[in-house]
Amino acid sequence: MNSNNKIVRGGVAVLALIILLTSCNKLYTDPVPIRVPANPSGNTLAKTLASTPGDSLYNRLVIRSGILTTAPATITDSTLRFTMFVPDNNAMKVFINALSLGAVPLNAPDAVFSGFITANIPVASAAGIVGYNIVAQVLTTASFPTAFPNLQYPTILNPAPTLSALLRLTTFPSKRGSTTWVNNVPLSAADAVASNGIIHHVPAMVLPPNASLWVRISTDPDMTYFKAAVLRADSGTSPSSATSLQGALDNIGANLTVFVPTDSAMRAVLTQQITGALIAQGYLPLTAATTAAALASTPAVFSNPLLYTSLTVMLVKGLVAYHILGTRVFTVNLPTTATNLYTLVGGAPYPGVSVQASFTGPVVTAASVKGAANASPSVILLDPTPYTGKSDQNATNGVLHKINQALLPQ
């Protein structure tokens, strides 16, 4: 295990700098000039939604949000410019069917869906969803970034106005070939021009993140080992410290990607590492393996004083940091050929992780990430269901993917 010490030192040294450089949600200007189309005559975004039959349910959500009557009345103002990502009625019906736990069937009349929106979606929730679907500038698909990592664009949603009036959650439009996405959702129709902006349609609701990476990690029943590893790595360190991993994972200004091994994956790698350490101390291989399996059977393995010399704070910090990228990566952003990305452990000469995805049309059908010392890639467990899934879990400060094998540095 000592072979990892050089990598650990490098990772800890650059952790605070990377967190500083990746602060993102406070951005409120576009880093790349965007060519804005000439202002056409015609309906505003608000009137366009209201006059489009296929957008009637989303228009009902917009009305429910209060955005049309609350100053500033954004999308009603012909002097302002916006981009909206709008789910059509079919997408809204799927969303409401799920939100109602099936109480509103997919074949119900539109009036039933509309009534549910008015009666059951709180104004604040509607405002959060609609606000996250609006970018305060015109973004045609021709201007969507193609380079990796993708640029982020501030929405009009401020998740914590008491913290800062300038705080905004960001969204991530991207393009590969002729396929375009917002976050991990492909566009179904694009570039509908209104007098004060652009409408892009999406086949599924693009929901705002509702918690930080740390909240997700610390409450997920299949991430208990990774949570314990973070706490062990931060031993003796305040969460507000510049080198605190918990602080970074909870920092609303960060922009990260975390590959979190499942509990079974963490048990496997810990059993292997502890077995090796026990054999080095003179244990017979079978006894070492049995003892290691017992020691690694719960997340308390990280707080066991008998293992402090093997699972040192520095070693565990390096292991956790090796599972974190300093930018937000959805599976649709992954390249189709194995490509190295650097983790928080540091850049060259420290090893990164190799990532790759396979696509069928705009849909990712397989994705993997491989550590420098792994014999085989770790599988990203594909399930992008918002808030409860295993991949593309969009948080206020990054994105999380569960993997079936821990990543091992050199």
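Colleague: I'd like to learn to read the strands here. How many bridges join strand E6 to E7?

Modeller: Two bridges join E6, residues 179–182, to E7, and the two strands run antiparallel. One thing to keep in mind is that this is a predicted model. In general, strands of a sheet pair through backbone hydrogen bonds, either parallel or antiparallel. Here you can look at Val182, whose bridge partner in E7 is Val185.

Colleague: In what order do the strands of that open sheet lie?

Modeller: The order is E5-E6-E7, three strands with antiparallel pairing. E5 (173–176) and E7 are at the edges with a single partner strand each, so one side of each has no neighbour in the sheet.

Colleague: Which strands make up the open sheet with mixed pairing?

Modeller: That sheet has four strands, ordered E2-E1-E9-E8. Its edges are E2 (134–135) and E8 (189–194); each has a single partner strand, so one side of each is left without a neighbour in the sheet. Met84 has Ile134 of E2 as its bridge partner.

Colleague: Now helices, please! At what angle do the axes of H3 and H4 cross?

Modeller: Two packed helices are described by the angle between their axes and the distance between the axes. For H3 (residues 56–65) and H4 (residues 89–99), the axes cross at roughly 60° and come within 7 Å. On the H3 side, the contact is made by Ser56, Leu57, Tyr58 and Leu61, while H4 brings Asn89, Met92 and Lys93. By class, this contact has four nonpolar, two polar and one charged residues.

Colleague: Last one: how many salt bridges does a search of the whole structure find?

Modeller: The search finds five salt bridges. One of them joins Asp220 and Lys402, with the closest N and O atoms 3.2 Å apart. This pair links distant parts of the chain, 182 residues apart: Asp220 is in the loop between H7 and H8 (224–233), and Lys402 is in strand E17 (residues 398–403).

Terms used: Residues numbered from 1 in each chain as written. Predicted model: local features only at pLDDT ≥ 70, side-chain atom pairs only at ≥ 80, totals over all residues. Heavy atoms only, no water. Axes fitted to C-alpha atoms, helices over the stretch in contact; angles between N-to-C directions. Contact = heavy atoms within 4.5 Å. Nonpolar A, V, L, I, M, F, W, Y, C, P; charged D, E, K, R; others polar. Pairing = 2+ DSSP bridges. Salt bridge = Lys/Arg side-chain N within 4 Å of Asp/Glu carboxyl O.
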